[in-house]
Amino acid sequence: LEMAHHVKTVVFDKTGTLTTGRAVVGSRIGYTSELMEADDGASLKKMTQSLPPAVNESDIALWFACCAELRSEHPLGHAIVNSGKE
């Protein structure tokens with residue numbers, strides 16, 4: 001703090017941590033339509049058969065992201081997992 005008076009510029013990212021104190025997922029875009037078009041939906045149907053019943057088709061990408069970030073210690077990983085819990 002003693003050297004802070006020398007600082008001329010401060011840059012913040014827009015993860016939400018500055019304004020709310022924690023990162024959050026603001027919105028999502030689903031990509032299931034591309035999977036449906038790729039091979040008449042066979043890939044999507046195969047994926048959905050192995051998912052827990054509570055996972056909707058529109059939440060497939062979020063579910064996989066949550067699986068990847070489940071043990072993450074990064075604030076953005078926590079935000080993704082928390083979004084999946086909602």
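Predicted model: local features only at pLDDT ≥ 70, side-chain atom pairs only at ≥ 80, totals over all residues.
Numbering starts from 1 along each chain as its sequence is written, and side-chain values use heavy atoms, with hydrogens and water left out.

**Overall composition**

The chain holds five helices and zero strands, and its elements run α-α-α-α-α from the N terminus. Both kinds of element are DSSP runs numbered from the N terminus, helices being H or I with at least four residues and strands E with at least two. Of the 86 residues, 15% count as buried; buried means under 20% relative accessible area, exposed over 50% and partly exposed in between, with a 1.4 Å probe and protein chains only. Contact means heavy atoms within 4.5 Å. Among the contacts with a separation of 6 or more, 29% join residues 24 or more positions apart.

Helix α4 spans residues 60–69, and Ile60, Leu62 and Cys66 are buried in it. These residues lie on the same side of α4 because they cover an arc of only 165° around the axis, the arc being that of the directions from the helix axis to the C-beta atoms. In general, an α-helix has 3.6 residues a turn, so residues three or four places apart point the same way.

In α5, the buried residues are Gly77, Ala79, Val81 and Ser83, and they pack against α4. Two of these residues illustrate the surroundings of the helix. Valine 81 touches Cys66, Glu69 and Leu70 when neighbours within four places in sequence are left aside. The C-alpha atoms of valine 81 and cysteine 66 are separated by 4.9 Å, although the two residues are 15 residues apart along the chain. Serine 83, also located in helix α5, is in contact with Val25, Arg28 and Leu62, not counting residues up to four places away in sequence.

The relative accessible areas of four residues are listed below.

| Residue | Relative accessible area | Class |
|---|---|---|
| Valine 81 | 11% | buried |
| Serine 83 | 14% | buried |
| Tryptophan 63 | 26% | partly exposed |
| Phenylalanine 64 | 39% | partly exposed |

**Aromatic pair**

Rings of Phe, Tyr and Trp (its six-membered ring) pair if their centres lie within 6.5 Å; planes under 30 degrees apart count as stacked, over 60 as edge-to-face and the rest as tilted. The count by this rule is one aromatic pair. The ring centres of tryptophan 63 and phenylalanine 64 are 5.3 Å apart and their planes stand at 75°, so the pair is edge-to-face.

**Second largest pocket**

On a 1 Å grid over the protein atoms alone, a pocket is an open set of points with protein on both sides within 12 Å along at least five of seven lines, and lining residues have an atom within 4 Å of a point. The second largest pocket contains about 210 Å³ of space, a volume being the space filled by probe spheres set on the points. Its lining comprises 13 residues, of which Val55, Trp63, Cys66, Gly84 and Lys85 are the closest to the centre.

Helices α4 and α5 (75–85) each supply at least two lining residues; the largest share, four residues, comes from α4. By class, the lining has eight nonpolar, two polar and three charged residues. Here Ala, Val, Leu, Ile, Met, Phe, Trp, Tyr, Cys and Pro count as nonpolar, Asp, Glu, Lys and Arg as charged, and the others, Gly among them, as polar.

Conventions:
1 Å grid on protein atoms, 1.4 Å probe; cavity = no way out; pocket = protein on both sides within 12 Å on 5 of 7 lines; lining within 4 Å.
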